[in-house]
Amino acid sequence: MEQEEQERQLLEQMLTQSCGKRTEAGPVAERLLAEFGSLYDVLHASPRALEQVEGVSKQFIRFTRLTAALFERCHQEEQDERNRLRTPWEAMEYLRPYFFSVQREQLYLLLLDGRNRVKVCHHLAEGELDSVHMDFGAIVKLALECGASRVILAHCHISTSELPSEADLTITVQMKQVLDDLGIKLMDHIIFADGAESSMAELGLLGWTAEQLYGPDSCTGCADQPEQ
(Lines give C-alpha, C1' and ligand atoms only; values in the text may rest on other atoms or scores of the structure.)
Protein backbone atom coordinates (compact mmCIF):
# COMPACT_ATOMS: atom_id res chain seq x y z
CA MET A 1 0.00 0.00 0.00
CA GLU A 2 2.87 2.38 0.74
CA GLN A 3 4.29 1.93 -2.75
CA GLU A 4 0.86 2.49 -4.32
CA GLU A 5 0.46 5.72 -2.36
CA GLN A 6 3.90 6.92 -3.42
CA GLU A 7 3.12 6.20 -7.06
CA ARG A 8 -0.21 8.01 -6.79
CA GLN A 9 1.50 11.06 -5.29
CA LEU A 10 4.13 11.07 -8.03
CA LEU A 11 1.43 10.89 -10.69
CA GLU A 12 -0.40 13.79 -9.06
CA GLN A 13 2.79 15.87 -9.17
CA MET A 14 3.35 14.98 -12.83
CA LEU A 15 -0.22 15.92 -13.69
CA THR A 16 0.07 19.21 -11.81
CA GLN A 17 3.41 20.09 -13.42
CA SER A 18 2.21 19.24 -16.91
CA CYS A 19 -1.19 20.97 -16.86
CA GLY A 20 -1.46 22.91 -13.61
CA LYS A 21 -4.83 21.51 -12.57
CA ARG A 22 -4.18 20.55 -8.98
CA THR A 23 -7.86 19.96 -8.11
CA GLU A 24 -8.18 17.33 -10.86
CA ALA A 25 -4.81 15.67 -10.36
CA GLY A 26 -5.91 13.28 -7.61
CA PRO A 27 -8.87 11.70 -9.42
CA VAL A 28 -6.96 11.49 -12.72
CA ALA A 29 -4.02 9.80 -10.98
CA GLU A 30 -6.37 7.24 -9.46
CA ARG A 31 -7.99 6.56 -12.82
CA LEU A 32 -4.58 6.09 -14.44
CA LEU A 33 -3.45 3.61 -11.80
CA ALA A 34 -6.77 1.76 -12.00
CA GLU A 35 -6.40 1.48 -15.78
CA PHE A 36 -2.70 0.60 -16.07
CA GLY A 37 -1.81 -0.83 -12.67
CA SER A 38 1.44 0.97 -11.85
CA LEU A 39 3.42 4.13 -12.46
CA TYR A 40 5.82 2.18 -14.69
CA ASP A 41 2.95 0.99 -16.87
CA VAL A 42 1.52 4.51 -17.07
CA LEU A 43 4.85 5.86 -18.28
CA HIS A 44 5.13 3.12 -20.90
CA ALA A 45 1.52 3.19 -22.09
CA SER A 46 0.86 4.29 -25.66
CA PRO A 47 -0.43 7.84 -26.27
CA ARG A 48 -3.63 6.38 -27.70
CA ALA A 49 -4.26 4.35 -24.55
CA LEU A 50 -3.58 7.35 -22.31
CA GLU A 51 -6.00 9.49 -24.31
CA GLN A 52 -8.83 7.14 -23.33
CA VAL A 53 -8.48 8.03 -19.65
CA GLU A 54 -10.71 10.89 -18.59
CA GLY A 55 -8.84 14.04 -17.62
CA VAL A 56 -5.54 13.16 -19.33
CA SER A 57 -4.20 16.08 -21.37
CA LYS A 58 -1.88 16.15 -24.36
CA GLN A 59 0.63 18.01 -22.19
CA PHE A 60 0.63 15.14 -19.70
CA ILE A 61 1.11 12.58 -22.48
CA ARG A 62 4.14 14.51 -23.77
CA PHE A 63 5.43 14.72 -20.21
CA THR A 64 5.15 10.93 -19.78
CA ARG A 65 7.07 10.37 -23.05
CA LEU A 66 9.91 12.55 -21.80
CA THR A 67 9.90 10.97 -18.34
CA ALA A 68 9.91 7.44 -19.78
CA ALA A 69 12.82 8.33 -22.08
CA LEU A 70 14.81 9.73 -19.15
CA PHE A 71 14.00 6.66 -17.07
CA GLU A 72 15.21 4.30 -19.79
CA ARG A 73 18.37 6.34 -20.30
CA CYS A 74 19.22 6.28 -16.59
CA HIS A 75 18.50 2.55 -16.45
CA GLN A 76 20.79 1.92 -19.41
CA GLU A 77 23.57 3.96 -17.81
CA GLU A 78 23.19 1.94 -14.62
CA GLN A 79 23.43 -1.32 -16.56
CA ASP A 80 26.45 -0.05 -18.49
CA GLU A 81 28.25 0.84 -15.26
CA ARG A 82 27.60 -2.63 -13.88
CA ASN A 83 29.32 -4.09 -16.93
CA ARG A 84 32.30 -1.75 -16.70
CA LEU A 85 35.55 -3.50 -15.80
CA ARG A 86 37.98 -1.22 -13.96
CA THR A 87 40.50 -3.77 -12.64
CA PRO A 88 41.70 -7.31 -13.35
CA TRP A 89 39.77 -8.44 -10.26
CA GLU A 90 36.50 -7.16 -11.69
CA ALA A 91 37.27 -8.92 -14.98
CA MET A 92 37.98 -12.16 -13.11
CA GLU A 93 34.73 -11.87 -11.18
CA TYR A 94 32.80 -11.27 -14.40
CA LEU A 95 34.37 -14.27 -16.15
CA ARG A 96 34.54 -16.75 -13.28
CA PRO A 97 31.06 -18.31 -13.81
CA TYR A 98 32.00 -19.32 -17.36
CA PHE A 99 34.72 -21.62 -16.04
CA PHE A 100 32.88 -23.28 -13.17
CA SER A 101 33.32 -27.08 -13.16
CA VAL A 102 34.52 -27.33 -16.76
CA GLN A 103 36.23 -30.60 -17.74
CA ARG A 104 38.19 -29.34 -20.75
CA GLU A 105 40.06 -26.16 -21.52
CA GLN A 106 37.77 -23.36 -22.65
CA LEU A 107 38.60 -20.08 -24.40
CA TYR A 108 36.48 -16.93 -24.08
CA LEU A 109 36.72 -13.46 -25.57
CA LEU A 110 35.34 -10.35 -23.88
CA LEU A 111 34.67 -7.45 -26.25
CA LEU A 112 34.55 -4.00 -24.66
CA ASP A 113 33.99 -0.41 -25.69
CA GLY A 114 36.36 2.49 -25.02
CA ARG A 115 35.09 2.85 -21.44
CA ASN A 116 35.71 -0.80 -20.55
CA ARG A 117 32.01 -1.68 -20.71
CA VAL A 118 31.35 -5.25 -21.83
CA LYS A 119 29.58 -5.40 -25.18
CA VAL A 120 29.50 -9.18 -25.49
CA CYS A 121 31.24 -12.33 -24.25
CA HIS A 122 32.03 -14.98 -26.87
CA HIS A 123 32.88 -18.63 -26.30
CA LEU A 124 35.67 -19.13 -28.82
CA ALA A 125 36.67 -22.73 -28.41
CA GLU A 126 36.72 -25.90 -26.34
CA GLY A 127 39.99 -27.79 -26.32
CA GLU A 128 41.56 -30.92 -24.92
CA LEU A 129 42.45 -31.54 -21.31
CA ASP A 130 45.63 -29.47 -21.56
CA SER A 131 45.32 -27.26 -24.64
CA VAL A 132 42.93 -25.10 -26.63
CA HIS A 133 43.40 -23.55 -30.06
CA MET A 134 43.35 -19.74 -30.38
CA ASP A 135 42.04 -18.66 -33.79
CA PHE A 136 43.50 -15.20 -34.49
CA GLY A 137 41.24 -14.69 -37.49
CA ALA A 138 38.07 -15.42 -35.50
CA ILE A 139 39.12 -13.03 -32.73
CA VAL A 140 39.85 -10.21 -35.18
CA LYS A 141 36.59 -10.82 -37.05
CA LEU A 142 34.49 -10.70 -33.86
CA ALA A 143 36.25 -7.59 -32.56
CA LEU A 144 35.75 -5.70 -35.83
CA GLU A 145 32.14 -6.79 -36.27
CA CYS A 146 31.31 -5.71 -32.73
CA GLY A 147 33.19 -2.43 -33.02
CA ALA A 148 35.20 -3.28 -29.91
CA SER A 149 37.93 -0.92 -28.75
CA ARG A 150 39.38 -3.36 -26.22
CA VAL A 151 39.37 -7.11 -25.64
CA ILE A 152 40.14 -9.51 -22.82
CA LEU A 153 41.07 -13.14 -23.43
CA ALA A 154 40.37 -15.84 -20.86
CA HIS A 155 40.99 -19.56 -20.74
CA CYS A 156 41.37 -22.27 -18.15
CA HIS A 157 43.96 -24.86 -17.18
CA ILE A 158 42.72 -28.28 -16.11
CA SER A 159 44.55 -29.71 -13.08
CA THR A 160 47.55 -27.41 -13.53
CA SER A 161 48.69 -24.05 -12.22
CA GLU A 162 46.78 -20.86 -12.98
CA LEU A 163 50.07 -19.22 -14.00
CA PRO A 164 50.58 -18.74 -17.75
CA SER A 165 52.74 -21.23 -19.57
CA GLU A 166 55.42 -20.27 -22.08
CA ALA A 167 52.99 -21.21 -24.85
CA ASP A 168 50.33 -18.95 -23.29
CA LEU A 169 52.77 -16.04 -23.19
CA THR A 170 53.99 -16.54 -26.74
CA ILE A 171 50.54 -16.69 -28.32
CA THR A 172 49.28 -13.78 -26.23
CA VAL A 173 52.13 -11.52 -27.36
CA GLN A 174 51.42 -12.50 -30.95
CA MET A 175 47.70 -11.77 -30.55
CA LYS A 176 48.49 -8.45 -28.88
CA GLN A 177 50.58 -7.37 -31.88
CA VAL A 178 47.82 -8.30 -34.32
CA LEU A 179 45.28 -6.28 -32.35
CA ASP A 180 47.68 -3.35 -31.85
CA ASP A 181 48.01 -3.07 -35.62
CA LEU A 182 44.22 -2.67 -35.81
CA GLY A 183 44.05 -0.08 -33.04
CA ILE A 184 42.41 -2.53 -30.63
CA LYS A 185 43.87 -2.94 -27.16
CA LEU A 186 44.41 -6.35 -25.60
CA MET A 187 43.75 -5.41 -21.98
CA ASP A 188 44.38 -8.77 -20.37
CA HIS A 189 44.62 -12.52 -20.67
CA ILE A 190 43.15 -14.22 -17.61
CA ILE A 191 43.71 -17.86 -16.68
CA PHE A 192 41.52 -19.91 -14.35
CA ALA A 193 42.58 -23.16 -12.68
CA ASP A 194 41.29 -25.16 -9.69
CA GLY A 195 39.66 -22.23 -7.90
CA ALA A 196 42.54 -19.84 -8.58
CA GLU A 197 43.16 -17.33 -11.33
CA SER A 198 45.88 -15.10 -12.70
CA SER A 199 45.94 -11.97 -14.81
CA MET A 200 48.75 -11.30 -17.27
CA ALA A 201 48.06 -7.58 -16.85
CA GLU A 202 48.41 -7.84 -13.07
CA LEU A 203 51.59 -9.92 -13.46
CA GLY A 204 53.08 -7.26 -15.74
CA LEU A 205 53.44 -9.68 -18.66
CA LEU A 206 51.83 -7.46 -21.31
CA GLY A 207 54.44 -4.70 -21.17
CA TRP A 208 52.29 -2.28 -19.15
CA THR A 209 50.85 -2.05 -15.66
CA ALA A 210 47.31 -3.19 -14.97
CA GLU A 211 46.37 0.44 -14.26
CA GLN A 212 47.58 1.49 -17.70
CA LEU A 213 45.86 -1.37 -19.48
CA TYR A 214 42.54 -0.97 -17.67
CA GLY A 215 42.63 2.83 -17.68
CA PRO A 216 39.42 4.00 -19.43
CA ASP A 217 41.11 7.03 -20.99
CA SER A 218 44.05 5.26 -22.61
CA CYS A 219 42.41 3.16 -25.33
CA THR A 220 45.04 3.57 -28.01
CA GLY A 221 47.94 4.99 -26.00
CA CYS A 222 49.41 1.62 -25.05
CA ALA A 223 49.58 0.56 -28.67
CA ASP A 224 51.38 3.71 -29.71
CA GLN A 225 54.19 3.59 -27.16
CA PRO A 226 57.09 1.15 -26.89
CA GLU A 227 56.69 -1.64 -24.40
CA GLN A 228 58.58 -1.32 -21.13
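Tutor: Here is a walk through two such residues and their surroundings. This is a predicted model, so to speak of local features we need pLDDT of at least 70, side-chain atom pairs count only at pLDDT 80 or more, and totals for chains, interfaces and linings use all residues. Residues are numbered from 1 along each chain as its sequence is written, and side-chain values use heavy atoms, with hydrogens and water left out.

Let's start with R150, which is part of strand 3, residues 150–156 (strands are DSSP E runs of at least two residues, numbered from the N terminus). R150 is buried but lacks a salt bridge, and D113, the nearest side chain of opposite charge, is 6.5 Å away. Buried means under 20% relative accessible area with a 1.4 Å probe, protein chains only; a salt bridge puts a side-chain nitrogen of Lys or Arg within 4 Å of a carboxyl oxygen of Asp or Glu. What does the side chain of R150 make a polar contact with? Its partner is the side chain of N116, at 2.5 Å (such a contact is a donor–acceptor pair of N or O atoms within 3.5 Å). A polar atom of the R150 side chain also lies 3.4 Å from the backbone oxygen of G114.

Now for D188, in strand 4, residues 185–193. D188 is likewise buried with no salt bridge, and K185, its nearest oppositely charged side chain, is 11 Å away. The D188 side chain makes a polar contact with that of S199 at 2.6 Å, and one of its polar atoms is 2.9 Å from the backbone nitrogen of A201.

Definitions and conventions:
Helix = DSSP H or I, 4+ residues; strand = E, 2+ residues; numbered from the N terminus. Buried < 20%, exposed > 50% of the residue type's maximum accessible area, 1.4 Å probe, protein only. Lys, Arg positive; Asp, Glu negative; His and termini not counted.
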